[in-house]
Amino acid sequence: MRDIKSMTPEELTGLMAQLGEPGFRSKQVFQWLHRGAASFDEMTNLSKPLREKLSQTCSLAVPKVERKQVSRLDGTIKYLWRLSDGNCVETVLMRYHHGNTVCISSQVGCRMGCAFCASTIGGKVRDLTPAEMLDQVLFTQLNSGFPVSNIVLMGIGEPLDNFDTVLRFLELVNHPDGLNIGMRHISLSTCGLVEQIDKLADLRLQLTLSVSLHAPDDETRSKLMPVNRSVGVERLFESCRRYFDVTGRRISYEYAMIDGVNDSDWQADLLVKHLKGTPGHVNLIPLNEVAESPFQPSRRIREFQEKLERQGVTATVRRKLGGDIDASCGQLRRKRMEETK
Ligand code: SAH
């Protein structure tokens, strides 16, 4: 069985040819899939024989809402979706003045092992499919009734560790016959897989790249993020500079402020040094406490921010949304796993 919702329009056209159907059918099918059709029977402008042929050759699944939480503080909505094989992933809808942003997952679990992150406890179970990434946007929109204008790939998983799937997802979600969300409205966040950053740069997509930096020195970064042990901060910044040179897109650096670990003045100074000559924006994130991890939120966020700003590096402190609904990555899936143990 072929996973029909992961197929590009060109592949659907090929499928229609194989099934002896005219080419224009592929656009009809694509549109149904990207409106969230749950079965081939719903596709009423297709002939019955075609619907039957499709259900014999292709699989079509939709995620189920396992849990939905709405923040009373700011209207943030968090979904835990149950996928067709029983695994769960999280999606968060954030409501901003400039539009609604959906934060989606790219894998079930994660194998990157960052010490402060709930998503990686228990490792990676599997990659998501392009359809499963698309479904998070589609069904968040359908279930909540809020149109989605921006997407961030910042949920569970490392998107660049599921590279081909993510690229295909981008092609699908960007397509004019589908959700038609522009690349400039999409951000991808990575822990810093340098070879994949280089590959992504060469594609010259107009998306925003966020790099989860969290420390400007190898000693601290390697303690927090195992990915740093083999590559190092110098090499990471080389890829970041190259990314900017090739795409012209400013990188945004994520920096979760951890008490006594990465919030010293010398670390702010070192960060400034790394960013010299390449425009970049620093996003300071108040650490979300994870029960399994020993880290505490920093009390020096403003001082750190001022130190950066005084030296010409733009830095913003991220507003915390959904604080009452476990909205930070991996926490809801984690909770559900504990409950069902
Ligand atoms: N794997 C990707 C995307 C998922 S994580 C990446 O590493 O970028 C999304 C962001 O949340 C990353 O910047 C991650 O480092 C950060 N994050 C994870 N756990 C956090 C926590 N407990 N507090 C604050 N930020 C956290």
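In this predicted model, a backbone N or O atom of Thr190 sits 3.4 Å from an oxygen atom of the ligand. The protein buries 93% of the 530 Å² that the ligand exposes when taken alone.

A polar side-chain atom of Ser189 lies 2.6 Å from an oxygen atom of the ligand. Phe116 uses its backbone instead: one of its N or O atoms is 3.0 Å from a nitrogen atom of the ligand. In total, 18 residues surround the ligand. Phe116, Ser189, Ser212, His214 and Asn288 are the closest. By residue class, the shell comprises 9 nonpolar, 7 polar and 2 charged residues.

Backbone geometry was also examined in the loops. Asn180 is not a glycine, yet its phi is positive, near 60°. Asn180 belongs to the loop that joins helix 5 (163-174) to strand 10. Its relative accessibility is 46%. Asn180 therefore counts as partly exposed, because that class covers values between the 20% limit for buried and the 50% limit for exposed.

Arg204 likewise is not a glycine and has a positive phi, of about 50°. Arg204 is found in the loop between helix 6 (194-203) and strand 11 (208-212). The relative accessibility of Arg204 is 51%, so this residue counts as exposed; the class requires a value over 50%.

Definitions and conventions
Residues numbered from 1 in each chain as written. Predicted model: local features only at pLDDT ≥ 70, side-chain atom pairs only at ≥ 80, totals over all residues. Heavy atoms only, no water. Near = heavy atom within 4 Å. Polar contact = N/O pair within 3.5 Å; in protein donor to acceptor, adjacent residues only side chain to side chain. Areas by Shrake-Rupley, 256 points an atom, 1.4 Å probe, with all protein chains shown as cover. Nonpolar A, V, L, I, M, F, W, Y, C, P; charged D, E, K, R; others polar. Helix = DSSP H or I, 4+ residues; strand = E, 2+ residues; numbered from the N terminus. Buried < 20%, exposed > 50% of the residue type's maximum accessible area, 1.4 Å probe, protein only.
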